[in-house]
Amino acid sequence: YGDAAASPEAGATPEQQLEHWMKAAQAKAIAIRFVFFADEQNLRQFCESSLEAAGYSGDKRDKFLDVFARDYRSGSEIRMLANASGTLRIEIDGEDQDAWEDPELVRALWRCWLGEKSPLKDRKGLVTPPVPQTAAE
């Protein structure tokens, strides 16, 4: 989810809009709803290699990866919510897990999930209308 009001100039391509959104200092969120079973080993491995590819090796890395130390059943949901200052909060199935102030981790996550190597098929259509301020605070 992202604030559409923070869009780049009129006429920007979907790729330019997405890049602008990822770099903007605003509240953002990514919600991942599992449509099939995802085991801990594969999900953690994906997240680990994605952070590496995004160039993140900060001190919050292992704590963030620990969030994925479980299996996820179909219907499970992970929400990664970040405020404008770069504090990341994780929710799993509606329950708070942890929070870290680490703008570099936040930027790396956006690159992992929305960058060129994203596993998502239609990442260009993901920026949506504004997020309520309370969602990322």
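## Core, sheet and salt bridges of a predicted model

The largest nonpolar core has 31 residues, and those with the most contacts inside it are Leu-51, Phe-64, Tyr-72, Met-80, Leu-88, Ile-90 and Leu-109. At least two residues of this core come from each of α1 (14–23), β1, α2 (40–53), α3 (61–66), β2, β3 and α4. Helix α4 gives the largest share, eight residues. A nonpolar core is a set of buried Ala, Val, Leu, Ile, Met, Phe, Trp, Tyr and Cys residues joined through side-chain atoms within 4.5 Å. Buried means under 20% relative accessible area, exposed over 50%, and partly exposed in between (1.4 Å probe, protein chains only). Helices (H or I, at least four residues) and strands (E, at least two) are DSSP runs numbered from the N terminus.

The model is predicted: local features need pLDDT of at least 70, side-chain atom pairs count only at pLDDT 80 or more, and totals for chains, interfaces and linings use all residues. Residues are numbered from 1 along each chain as its sequence is written, and side-chain values use heavy atoms, with hydrogens and water left out.

Phe-64 lies in helix α3 and is buried, with a relative accessible area of 1%. Not counting residues up to four places away in sequence, Phe-64 touches Leu-51, Met-80, Leu-88, Ile-90, Trp-100, Leu-105 and Leu-109; contact means heavy atoms within 4.5 Å. The C-alpha atoms of Phe-64 and Trp-100 are separated by 8.6 Å, while the two residues are 36 apart along the chain.

Four strands form an open antiparallel sheet in the order β1-β2-β3-β4. Because β1 (28–33) and β4 (95–101) each have a single partner strand, one side of each is left without a neighbour in the sheet. Strands pair if DSSP finds at least two bridges between them; six bridges join β3 (residues 87–92) to β4. In this pairing, Ile-92 stands opposite Glu-95.

A salt bridge is a side-chain nitrogen of Lys or Arg within 4 Å of a carboxyl oxygen of Asp or Glu, and the count comes to ten. Three of them are listed here.

| Pair | Closest N to O |
|---|---|
| Arg-33 and Glu-77 | 2.9 Å |
| Glu-48 and Arg-61 | 3.0 Å |

Salt bridges that share partners join Arg-33, Glu-77 and Arg-79 into one network.
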